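User: I've got a two-chain model open and want to talk it through. Can you take my questions as they come?
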Amino acid sequence: MEMHIKDRLDEIRKQALADIHSSDKLETLNDIKVKYLGKKGALTAVLKSMKDVAQEERPKVGQLVNDARVAIEELLERTRREIQAREREAKLAAEVIDVTLPAKKNKVGHRHPNTIALEEVERIFVGMGYEVVEGPEVEYDYYNFEALNIPANHPAKDEQDTFYITGDILLRTQTSSVQVRVMEQEKLPIRMIAPGRVFRSDEVDATHSPSFHQIEGLVIDKNITFADLKGTLAEFARQLFGEQTRVKFRPHHFPFTEPSAEVDVSCFKCGGTGCRFCKGSGWIEILGCGMVHPRVLKMSGIDPDKYSGFAFGVGLERIALLKYEIDDMRLLYENDDRFLKQF
Amino acid sequence: MNTSLSWLKAYVPGLDVSAQEYCDAMTLSGSKVEGYERLDADLKDIVIGQILKIEKHPDADKLIVCQVDVGTDAPVQIVTGAPNVHEGDKVPVVLDGGRVAGGHDGKKTPGGVKIKKGKLRGVESCGMMCSIEELGSSRELFPEAPEYGIYIFDSSAPVGESAIAELGLDDVVFEYEITSNRVDCFSVIGIAREAAATFQKEFCPPVIKKTGNSEDVSDYIQVDIRDQALCPRYCARVVKNIKLGPSPKWMQRRLASNGIRPINNLVDITNYVMEEYGQPMHAYDLDTIAGHKIIVRRADDQETFVTLDGQERTLDSSVLMICDEEKPVGLAGIMGGENSMITDSVQTVLFEAACFDGTNIRLSSKKVGLRTDASAKFEKGLDPNNALDAINRACQLIEELGAGEVVGGVVDVYPNPVGETRVPFDAAMINRLLGTQIEESAMREYLQRLELGFDDKTGEVIVPSWRQDLECLADLAEEVARLYGYDNIPTTLPTGEATTGKLSFKLRIEEIARNVAQFCGFSQAMTYSFESPKVFDKLSLDEKDPLRKAIVISNPLGEDFSIMRTVSLNGMLTSLATNYNRRNKNVRLYELGNIYLPKQVPLTELPDERMQFTLGMYGDGDFFTMKGVIEEFLEQTGLRETPVYDPNSGKPFLHPGRQANVVYKGQVIGFLGEVHPEVADRYELGERTYIAVIDMPYIVQNATFDRKYEGIAKFPSVTRDLSMLMKKEMLVGEVEEVIRKKGGRYLESFHLFDLYEGSQIREGYKSVAYSITFRAKDKTLEESDINDAMEGILNDLKKLDIELRS
């Protein structure tokens, strides 16, 4: 009897292992599992026939049945894994894509080069503790000229080719007008930049536009010096054009500052050795600046004996044209998509 | 302003620097040198030669063979086709291997032209004889040069020496950008003074000697200034027995190097003094001056006058005139009259060196439409003390050049002489302003170099009249700083009270607008603030539309730039049209720019400048794409409620059935729509174009960066779908209004998931389906919790004649 069962088990086991070996699909494996291990399966049938086995031999037979079950289950599991691995392999192989096909982009728009340059400048000065403020574009003569030490009939008024609306209302020719409005508020100290649109009666060409942008800077506090002005603008130039940038201050004249200077930066294309970009000089002029004229302070209600300050004005378009090597100012106001996309 | 190096050296003999060193140092001390031109840059190995012998060329009728003594042992042989040379002539000769500046047609070759030994029709030629053009100059500046042919030197020219030096071409001409405050530097003397101070050399201005015979000029001329405000000083001198002729070469060379054409001794002297002293002068033929009297007065309105260029000018009472007893003889400070001009037969000359009000000359010159070298100088506001020196200098030159007999004395009408001024000096304050520690003695030395005086008793700086720009301590600080060297001033950062750097709230909102637009595929445009009044017609605005009330620029660049925009669309549509015209596909642009709304016209106060967020697009996308951008923007600025879209927006430039006002909390904050085909045609936009405009001041006023976390829903939601049949023209917005109003406390969201019009639906109707989601924060909703709300919604929908489908 015992031998008989053992033979049967061996037979079942052999048959099951052969079945498993010959199957290559997960479903077949399932069928095999049912066939041998299921409720009506071959092994279960053997167990059911245990009642015919002598009491003392039952543990031994049970052990034999269990061995067979374990062997079958192990092979089933191993084979299942193998098949799964094979199937995944096949699936992956079938799913190969051509990674060089074009990208699907979420079409993001582009900022205007002026804005990119402006944000850069704002970032630099905000980091140095400056507030960014604005003022009106249609402005009183007083703020644009008179309070900046440019009285009636001053030749600078001609030089700047002002657009007038009425006798005393005009389109501002410089963002310096914002200086005066901020000083008048009598909140000291002042550290501000004022970006904005300005207007001058220039015909449109590659280097001129009747409407362009400036960034005015103003610092007023006790003990502000020309050396502070130099340090501030040197830092600005380094951050804007690169660490190795050098600055040169040349004496100049503006009615609203004294002493005044024009500032050149070492050419960021050639590093200062001279190239076509800087017309061989190694330097590029970028801004005008100076110590706020005591008369300007006084007119805005600030005591020049107690306070001093500096101011500077940068042409935004000039920075944008230089930084991005744009060769014609008209491109900035045409808004050609192919131009804007490059920024 | 130009000066030649040789002329400067006449007043700063110790000046011994290279042209580049000069440029750099002068620029850093405040006289910006724009550039310089070496007159002999392209000239090399050119000497004075003397033609010893001329023979015919054996094989060419038009060529001659010359033996030329160039100072070497043997003469050189040169073949030339020039018709004007004779044996014995002294000529410029470029030797074998030398260079000339260009051809004899006056065209210059960059870098010059190398001259090599060669054969001309078989005869050897070892160099070239030069015309003035080949030497890089012109007959304008060298009037003695022949019209066609070789330049011939005076017989005194030294053979074998440099022809370049003989012609004064071994010189450098500097070009300056002089700032408007430094009137004194519009003269060779002024620049020389700066050069002397910059290089610490001695300054030797011309020494003016007493001139004139024993006669008294007041027997010849009298001067009456009727408007002293416009003419603070008038100096007059007389020269008789004028002998017109060419001025000497040295004077011609100096004028030529400043680009001034030599004419004759008299004209050249006035030009020379104008360059040297910066003081314009005028010469009248005294015999044409009626009553031998000069009257300086304002013109009468509508008075006409013929200037010496032959043009008749119409004047008014703002223009100052120089008159004699009967008639006007000159436009003060601008140009003399034809009636008193110097002619070849002139006997006696009246010299005028006057000072006029700068502003008046500037305005008059504009009014008359005539700007001359003289008016350009006068309009800067000249130092009246300079006039006397200048006229005396001119008379000195007359005597030196033998151009006439100077009458003794000067008529000098100068009722209110300008004296020197004083500015308190404070070395500590200057150092405090500059951030330096310059010794007081050093400062005083700098100021001295600039010929400023010092009063030890009062501690004041004494400012001479030619430095009218120095008025306060800050001005002195600049003088100190520029001679100390701006580059020697330390570099520091401001100390003191810390300030917080920040953008204004408005600018932060604008940044959000840029980001949203950008992420929605829009690129940033910039357009002009001024435009043509024709824009209103182009946009189909009604004749009475308030937007037509625009600010007008009184002096625009032309009609196209003459009004300040009251609506932001023209720039956008023009930019889109530019793109369309250039065949750019799927273009999306946005702009953040102001419109200018006047409170009244003409302006009495500043207008309302309203920032507009304008979006425009053609190609991919439609009305609802635009709507999406608006809602993204509102959400990003903290305006979280869904706006209402009112189709009754009445914009004439938009498609009547595809436009809406954007209404937020009952207020119109902008509009959007498809551009009206008629308007699109006017802009030549061939595709459906959509635009949206958001009024930024409203957004700025209501935006918020406050956010509060409300938790993530823990309990499941309940969703109900509603399918409806409604009249085609009815807005789904009305359905949404009902859902919002009746949705109850558990309403979380709703969305349209189906919209159908077509054959399966009753004619004139559309099928609309909404999915409505309810959720409670604190429990799982039961059917009964939402029954009331659903019932309310259904009832209200029925009231709107909406049929519910199941």
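User: Which strands pair across the two chains, and in what sense?
Analyst: This is a predicted model, so keep that in mind throughout. Strand 1 (residues 131-132) of chain A pairs with strand 27 (residues 502-503) of chain B. The sense is parallel, over 2 bridges.

User: What is the bridge partner of Glu131(A)?
Analyst: Lys502(B), in strand 27 of chain B.

User: Is strand 6 of chain A mostly covered or mostly open?
Analyst: Mostly covered. Of its 8 residues, 7 are buried.

User: What about strand 5 and strand 9 of chain A? How many bridges?
Analyst: There are 8 bridges between strand 5 (residues 211-221) and strand 9 of chain A. They run antiparallel. One of the pairs there is Val219(A) with Phe310(A), the latter in strand 9.

User: Back to the contact between chains. How many residues of each chain are in contact?
Analyst: On chain B, 75 residues are in contact with 73 residues of chain A.

User: Which element of chain B gives the largest share?
Analyst: Helix 12 (residues 473-484) of chain B, with 6 residues.

User: And the make-up of that side by class?
Analyst: The side of chain B that touches chain A has 34 nonpolar, 29 polar and 12 charged residues.

User: Switching to helix 10 of chain B. Which residues are buried?
Analyst: Ile430(B), Leu433(B) and Leu434(B) are buried in this helix, which spans residues 427-434.

User: Where do they sit around the axis?
Analyst: Down the axis of helix 10 of chain B, the buried residues fall within an arc of 90°, so they line one face of the helix. As a rule, an α-helix has 3.6 residues a turn, so residues three or four places apart point the same way.

User: What covers them?
Analyst: Parts of both chains. From chain A, the cover includes helix 9 (226-241), strand 8 (283-292) and strand 9 (308-315). From chain B, it includes helix 11 (440-449) and helix 12.

User: What happens just after helix 10 of chain B?
Analyst: Gly435(B) takes a positive phi of about 80° there.

User: Zoom out. How many helices and strands are in chain B?
Analyst: Chain B has 20 helices and 40 strands. Its radius of gyration is 42 Å, well over the 28 Å that the globule rule gives for 806 residues, so chain B is more spread out than a compact globule. The C-alpha atoms fill a box of roughly 125 × 80 × 60 Å along the principal axes. Buried residues are 42% of chain B.

User: How is chain B divided into domains?
Analyst: The assignment gives domain 1 (2-39 + 172-199), domain 2 (44-166), domain 3 (217-413), domain 4 (421-488), domain 5 (505-702) and domain 6 (718-805). The C-alpha centres of domain 2 and domain 6 of chain B lie 103 Å apart.

User: What's the strand order in the 5-strand sheet of chain B?
Analyst: The order is 12-15-18-19-20, in an open sheet with mixed pairing. Strand 12 (222-225) and strand 20 (335-336) of chain B each have a single partner strand, so one side of each is left without a neighbour in the sheet. Further in, strand 18 (residues 320-323) and strand 19 (residues 328-331) of chain B run antiparallel, joined by 3 bridges. Met321(B) stands opposite Leu331(B) of strand 19.

Key. Residues are numbered from 1 along each chain as its sequence is written. Chains are lettered from A and ligands numbered from 1 in the order in which they are written. This is a predicted model: local features need pLDDT of at least 70, side-chain atom pairs count only at pLDDT 80 or more; totals for chains, interfaces and linings use all residues. Helices (H or I, at least four residues) and strands (E, at least two) are DSSP runs, numbered from the N terminus. The radius of gyration is taken over C-alpha atoms; the globule rule is 2.2 Å times the number of residues to the power 0.38. A residue is buried if 20 or more other C-beta atoms lie within 10 Å of its own, exposed if 12 or fewer, and partly exposed in between; C-beta atoms are placed from the backbone. Two residues are in contact if their C-beta atoms, placed from the backbone, lie within 7 Å. Ala, Val, Leu, Ile, Met, Phe, Trp, Tyr, Cys and Pro count as nonpolar, Asp, Glu, Lys and Arg as charged, and the others, Gly among them, as polar. Two strands pair if DSSP finds at least two bridges between them. The arc is that of the directions from the helix axis to the C-beta atoms. Domain bounds come from an automatic or database domain assignment.
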